[in-house]
Amino acid sequence: MRVLLALLVVLLLGSVARAERLIVSVSNHRVTVTPNYSGEELVLFGSVEKDATTPADRTAYDLVVTVMGPRADMVTRRKERTFGIWINTDYRQFLQVPSYLALFANRPFDAITSPEIARRQQIGLNNVLLTQRVSGDFADVVPNDAFRSAFIRLRTQRGLYREDPSAVTFLTPTLFRTGIPLPAEVPIGTYEVEIKLFANGALVTKTETAFEIVKVGFEQFVATTARQNGLVYGLATVAMALMTGWMASIVFRKD
Amino acid sequence: MQLYLPIADLPVNVFLVLAMGAAVGFVSGMFGIGGGFLMTPLLIFIGITPAVAVASVASHIAASSFSGALTYWRRRAIDPALASVLLSGGVTGTALGVWTFTQLRALGQLDLMIALSYVVLLTTVGSLMFLEGLRALMRTRRGAVPPRRQHNWIHGLPLKMRFKRSKIYLSVIPVLIVGTLIGFIGAIMGIGGGFILVPIMIYLLRVPTSTVIGTSMVLTLVTMLVATMLHAATNHLVDAVLALILMVGGVTGAQFGARAGQKIRGEQLRLLLGLLILSVGVRFAVELVIRPDDLFTIRELGVSS
């Protein structure tokens with residue numbers, strides 16, 4: 001009986017949580033990096049669909065969009081003065097962290113929800129989980145940790161990490177859009193986009209979409225060959241160097 | 001015109017890189033050196049990581065030294081016997097160098113080692129060359145005869161071999177050591193080593209000037225080819241697109257440099273080259289000593305998506 005009751009509660013809660021539905025799309029699901037690629041901006045747009053179970057008093061929504069690029073291990077190193085020169089000494093390894101990370105919202109994160117929910121839902125760069133290896137242990141650390149904040153600062157400087165609490169605009173109370181800026185040195189791979197809808201500080205529903213960034217043509221060919229067939233690539237480069245040198249000696253021959 | 005470099009993962013201006021190649025090529029043609037010690041720092045300066053710069057410059061130097069070596073071969077200014085002894089040392093040294101490069105990269109000390117080697121090597125060689133040029137200049141001013149060449153301790157070593165074209169009778173031990181040394185530092189620093197090899201061959205091994213530059217170019221060519229291969233196969237760091245732009249700029253610039261170099265006297269040339277090498281070394285030293293803008297750096301350990 002108790003199990004059944006619990007199930008009923010879950011079902012009820014579930015149906016309440018499904019009262020709104022998010023429909024989203026990005027302007028381009030496949031971004032191609034060509035030799036003269038110098039960054040671009042994708043547009044994510046969507047709408048909040050209400051149904052009969054939506055409480056009538058619910059009119060104002062808040063939206064948080066998280067864009068995460070392919071994950072990779074990264075090392076952050078700190079220089080210290082040793083014997084008069086600056087040397088890399090201490091380091092931290094970040095495990096499987098997003099190579100690109102963007103968080104967008106329609107108003108400041110702390111106005112949307114409580115600090116507790118923000119932490120649990122990883123809202124804001126300070127709350128995103130960045131796992132570190134700290135002497136054999138795997139954990140995230142406090143947001144003001146020197147290595148963590150340096151890591152975020154450096155990625156932000158390169159335009160690869162960003163948070164903008166005013167990037168999402170509601171065109172109508174239910175229709176929204178946001179730009180996703182992709183810098184020139186954007187990492188290649190699959191990007192996950194997570195859209196979370198809040199109302200009165202509580203998470204109402206969420207949905208996901210994705211897009212892909214690929215290198216095409218000569219670019220792609222060179223990069224993959226270099227990584228997969230290093231030896232062949234090296235031979236080709238060597239042949240190219242010899243050809244160039246030989247041609248130069250013919251062209252500029254003085255006789 | 002922007003071009004995206006596939007391995008450096010960075011967009012660069014083609015004309016800027018082409019101009020850099022031509023400028024370094026001009027200097028290298030003028031002084032008869034590979035120019036790697038100028039090219040690598042310039043690439044680092046425009047934002048290419050030291051590792052990619054070192055690996056890509058290797059193929060650039062291979063191209064310019066091949067065109068040089070062909071010219072010297074036609075003039076019969078290469079000693080094949082001396083070149084092959086140097087080479088057997090050089091190839092070993094290069095393999096050791098690339099291995100060390102990989103180890104240092106894993107330890108996170110590669111950039112430091114590259115900078116430190118530049119400081120030590122360039123300031124030493126630069127000041128020696130500068131002083132020597134100054135002395136030679138003063139001698140010619142006074143009209144004194146240059147001192148006669150004398151045999152030194154190196155000529156007392158065993159395992160002697162006759163190098164016909166250079167007309168010298170010399171132990172293979174110092175030749176092998178020199179080859180290994182040049183190969184090793186070349187692979188780590190992204191330099192051909194011509195600017196160190198030529199003085200060593202002239203002053204220490206007493207190789208006549210007629211065969212010195214051609215023979216040193218053969219060593220540079222082969223060590224740089226091996227370095228390119230090994231860097232491509234083990235570290236995947238050679239950017240062929242970047243290398244091609246550099247090569248085209250470099251070989252063109254070198255032709256004009258060579259013509260300009262013939263108009264300047266030998267001592268003045270050495271003085272200038274010494275100053276140039278010294279200033280690059282000092283620049284690296286300053287960078288190590290002053291507090292960097294940012295104490296933190298990030299390195300990606302490969303995407304696993």
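Strand 1 and strand 3 (residues 40–50) of chain A run antiparallel and are joined by seven bridges. Strands, like helices, are DSSP runs numbered from the N terminus (strands: E, at least two residues; helices: H or I, at least four). Two strands count as paired if DSSP finds at least two bridges between them. Within this pair, E20(A) has K50(A) of strand 3 as its bridge partner. The two strands belong to an open, antiparallel sheet of four strands in chain A, with the order 1-3-12-11. Its edges are strand 1 (20–26) and strand 11 (169–170), each of which pairs on one side only.

The model is predicted: local features need pLDDT of at least 70 and side-chain atom pairs count only at pLDDT 80 or more, while totals for chains, interfaces and linings use all residues. Residues are numbered from 1 along each chain as its sequence is written, and chains are lettered from A and ligands numbered from 1 in the order in which they are written.

Chain A meets chain B through 50 residues, in contact with 49 residues of chain B. Contact here requires C-beta atoms, placed from the backbone, to lie within 7 Å. On the side of chain A that touches chain B, at least two residues each come from strands 5 (71–82), 6 (85–98) and 13 (189–199), and from helices 4 (146–157), 5 (217–228) and 6 (230–251). Helix 6 of chain A gives the most, with 14 residues. By type, this side of chain A holds 28 nonpolar, 14 polar and eight charged residues. Nonpolar covers Ala, Val, Leu, Ile, Met, Phe, Trp, Tyr, Cys and Pro; charged covers Asp, Glu, Lys and Arg; the others, Gly among them, are polar.

Chain B contains ten helices and five strands. Its C-alpha trace spans about 65 × 40 × 40 Å along the principal axes.

In chain B, the axes of helix 5 (residues 110–142) and helix 10 (residues 266–289) come within 7 Å and cross at roughly 155°. Axes are lines fitted to C-alpha atoms over the stretch in contact, with angles from 0 to 180 degrees between N-to-C directions. The contact of helix 5 with helix 10 of chain B comprises 20 nonpolar, eight polar and four charged residues.

Strand 1 (residues 2–5) and strand 2 (residues 10–13) of chain B run antiparallel, joined by four bridges. L3(B) has V12(B) of strand 2 as its bridge partner. The hairpin of these strands has four residues between them, and D9(B) takes a positive phi near 55°.

Key:
Contact = placed C-beta atoms within 7 Å.
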